[in-house]
Amino acid sequence: MQNFPILSFITLLPLFGMVILLFIPKKQELIIKSTTLVITGIQLVVAIFLLKNYNYSLGGINDPSTFQFIEKFRWIDISGFSWIGKIKIDYFLGIDGLSIPLVLLTALITFIATLSSWTINKSVKGYFAMFLLLDTGMMGVFVALDFFLFYIFWELMLLPMYFLIGIWGGPRREYAAIKFFLYTLLGSVFILIVMIGLYFSTTETLADGTKVFTFNMLSMMNPQNFTAQGILSPLNPGNLRLIAYIALFVGFAIKIPMFPFHTWLPDAHVEAPTAISVILAGVLLKMGTYGILRVCYPIFPDITRQLVWYIGLFGMINIIYGALCAMAQKDFKKLIAYSSVSHMGFVLLGMASLNSMGISGAIFQMFNHGTITAMLFLSVGVIYDRAHTRGIEEFGGLATQMPIYAGFTTLAFFAAIGLPGLSGFVSEAFVFLGAFGFGSIRVLTVISTLGILLGAGYMLWTFQRVFLGGLKEKWASLKDLTFREYAMLVPLSVIIIFLGFYPAAMLNIMNSSVNAMVKVMTNAQTFYGSLLH
Amino acid sequence: MNNNNLNYLVNSLYLIKPELVISAVIVLLVLVDLIMMKNKKLLPYLSVAGLLVAAYFIIEHFETNTFAFSTGSSAGMMIVDPFGNFFKLLIVFASILVVLFSVASTEIKNSFDRHGEYYALIFGMILGMMFMVSASDLIVIYISLELVSFSSYILAGFTKRSIRNSEASLKYVIYGGISSGIMLFGISIIYGITGSTNLYEINSLIQAPQVQSLTFLLAGILIFVGIGYKISAAPFHFWTPDVYEGAPIPITAYLSIASKAAGFALLIRFIKVTFIQSIDPEGFWHLLAIIDWKTFIIIISILTMTLGNFAALWQSNMKRLLAYSSIAHAGYLLLGLAVMSNEGITAILIYFIVYAFMNLGAFFVVMLIANKIGSEELDDYKGLGYSTPFLGVSLAIFLVSLTGLPPTAGFIGKLYIFIALIDAKMIVVAVIALLNSVVSLYYYIKVLKHMFLDKAEKEIPAFTTSYSSAILLVAIVAPILIFGIYFTPIVDLAKNSITLLGF
């Protein structure tokens, strides 16, 4: 068991599943769906197994020896001439307290999204093949520790996502799909160029003592590895680290999505089928913030410290702007999409605090947003499947017609508002406490608290319009939840309530890594400070 | 001519074995065509066999690094070196595929009576291109260029049936004639200044500082016009969309790979050999200050890729779309040259290997689809992904690779270009090129949109591909995915092929 490549297994399993699907005849829709369910089910079990065997005391972040379940072998090995550096790329996987919550989240959300995809009836085989390819891409991003590998997984998601929105989406699906694709490709172009720049700025020492350029992210985090002349090396007085940081940040920020790069999100969400909205909000948005924490922060701690106020500022703008936009929506799904923008703002704000409380809050908020928003989108999906409309104004009084559905939705709404006792409260509280404790963004934090108020405003108002009041006659025939819908909503509810009462279950996992991250940021001041000035 | 000179001639023959094989095959093709009037099935097999023999001789002498046809101490008319051999192999590889495409092409099948000419002309082009990539003398360069051009003029108008076919051919002749005339003028100026037509001799003559740089600049740019026309670099690209659209698809595919590759090989050799001053240990070239090639090439390449990409956005015909896309790719390739380093050349070679697979593959699918539905209009592609999933998915892979997204080989090609650019600190250029590739996504994805997202206006019955075509297609798709994930072999091949004679 010790040497079993478990991270490769969890990442490549969906790809393997996709290959199996290709051999199942197109007409056997039930077998195709069941196979996908089994694959994602195994993935979830493996993710739980990972958690069970995870050592909470190891920090990770920039220290290769404290990563867990490491798999590392040489993947590309090109010996060079004198005029060109050797190219060595590792297949390097590993997880730490920053990635394991997201690995868990990915496995969980994918499994639930598979259940939610049961209603798909148009080219089922193609849908699930794309779905599984997407799954591999997402899982790969969270476990890759080599920048090159990370980038490949990052890009692998684009095409399946394009097709999933573009073929199985709503009326304006083509527009939404191409918009999503162009935005994210633009972002990844920036990531690519910084990746190559970093490659030429950091070296890794091989076993025989020679130094080679490297794509290894952990080597990039070690200031000792910078070359004297690299364009992104702090040792080079004319370095372009600030510009590169901004480019990289924008690349990731498009995915979050951070204002003003968020306009693809409402379109994509509204047009995507329910299951894909769930994946998009539950997992894909986290990649942006994960990327910033995994790449921008530890590789550019010096620049992060310089720009942290702006990160906080954009966090604040996201919170307020997203909430205000959400308030103005008439489409249920678009409302949830904008609430996502608002909630991802909390993650940015927490990250900007640079202290362990704020960063824990940010990571925890990533996980919670994944579960809560997934539940919200599922709720929208439930009503859309029955009523074929998402107009908030068209509903009313559903609580009497569908009491159980109303109950679950209430839970999700309250969790999104941040009601104490539910998981969303804890992470938002941590974010605010952490951010308030960091002097320079205190004012931003105070303004951001308005977001909570606005959040309660639009959520409760929506709740009132949809569930309270008199029932309209045309909805008198709506049925309450089916067994499949229970299976999707119950696990998420349990997690939301459990983490609300016992947040330590999740906070303990990430604790060591958060401390390691804070240490990187603090040490940066002394090390990079002496280099720069 | 004394006996001694004749000996040099005879002694050089073993160096041009591949070219001799190709010449022999031309004769053989014409003879077989004459003798077996009724049965033309043999011709493509004969062609492939001849190409395989040629490939064998190229590989046998791959590491050779010497002049051919040199009289004693002076530099020769031709060079046999790994760089040239790489391009010869690439040309042979593309030719084999194109011959196989021609067998499957309905368009070519319909001109059954003239198959003999068709294959003989293709071999004429091959011969010309092989001399082109190994020429070290301006006269040989010009003659080989003309040999390629004349063969391709006829091939472009080969089917003769449609008006657009003849139109393509005529446009090609006119543009080609003018640009080769301009090139010849440039050559004559250089000869006038230096008194030599040999690139190596010219190089040593112009090291002296008193060379008239303005005249030389003019001559260099005039010669570039001739080559730029072959690689369809802007602003000499105007023939490309029309000819690509009008020519039979196998020939279009051939022009987009083989003659472009030969043109690039010639351009690289011409600039490097003629204008080099020294190469530093890092592999960067220091050229003579007579012509600022670096700035010139950067401007041309940015112009080429931007123009190609933006013009492609509006195309509604697959062949025209791929024509503009091939112009854009010429722009990316020129960037590799603009770096003016060995690393940049490596990137170009890698790009060409990848580009050969993906572009030939894309044209092959377009051809197979045209065989069935008789159209290359994008509007007729609606819903095709469902009536022929195999071709649809293959085309999707080729187009994604042309966009340069991982995990396809196209990404590796682009990656190496950008690595070379960033290593040379040409960051602004790299950013422009990357933004260009975002633009290109839009039109490549537009094809996928038509095939998979849109509903067919009139139902296209599901159709299958013949086994032989399917096998060939898989053989082109597989390397794109394999090299995308494991690219060591192509990089190694490219690195071992950048040796030009003398450097």
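Predicted model: local features only at pLDDT ≥ 70, side-chain atom pairs only at ≥ 80, totals over all residues.
The size of an interface is often given as the accessible area lost when the parts come together. For chain A and chain B, the buried area comes to about 3900 Å². Carbon and sulfur atoms give 79% of that area. On the residue level, chain A brings 41 residues to the contact, and chain B brings 44 residues.

One salt bridge is found between chain A and chain B. Its partners are B:K449 and A:E174, whose closest N and O atoms lie 3.0 Å apart. Turning to the elements involved, the side of chain A that touches chain B draws at least two residues from each of β1 (68-78), β2 (87-95), α5 (147-156), α6 (158-168) and α7 (173-199). Of these, α7(A) gives the largest share of that side, with 13 residues. Sorted by class, the side of chain A that touches chain B holds 29 nonpolar residues, eight polar residues and four charged residues.

Readers who like to look at surfaces may next turn to chain B. Here a nonpolar surface patch of about 760 Å² is formed by B:V27, B:V30, B:L31, B:L34, B:I35, B:M36, B:M37 and B:L42. Helix α2 of chain B, spanning residues 17-35, provides the largest share of the patch, five residues. B:V27 is one of the patch residues, and its place is in helix α2 of chain B.

In chain A, the peptide bond leading from A:I256 to A:P257 is cis, with omega near -10 degrees. A:P257 sits in the loop that joins α9 (241-255) and α10 (264-271) of chain A. Chain B also has a cis peptide bond, running from B:A234 to B:P235, with omega near 0 degrees. B:P235 belongs to the loop between α10 (213-230) and α11 (239-246) of chain B. Back in chain A, A:F69 shows a positive phi of about 55 degrees, although A:F69 is not a glycine. A:F69 lies in strand β1 of chain A, and β1 is among the elements that supply residues to the side of chain A touching chain B.

Terms used:
Residues numbered from 1 in each chain as written. Chains lettered and ligands numbered in written order. Heavy atoms only, no water. Contact = heavy atoms within 4.5 Å. Buried area = accessible area lost by both parts, 1.4 Å probe. Salt bridge = Lys/Arg side-chain N within 4 Å of Asp/Glu carboxyl O. Helix = DSSP H or I, 4+ residues; strand = E, 2+ residues; numbered from the N terminus. Nonpolar A, V, L, I, M, F, W, Y, C, P; charged D, E, K, R; others polar. Patch = residues over 30% accessible without salt bridge, like charges linked within 9 Å, V, L, I, M, F, W, Y side chains within 5 Å. Areas by Shrake-Rupley, 256 points an atom, 1.4 Å probe, with all protein chains shown as cover.
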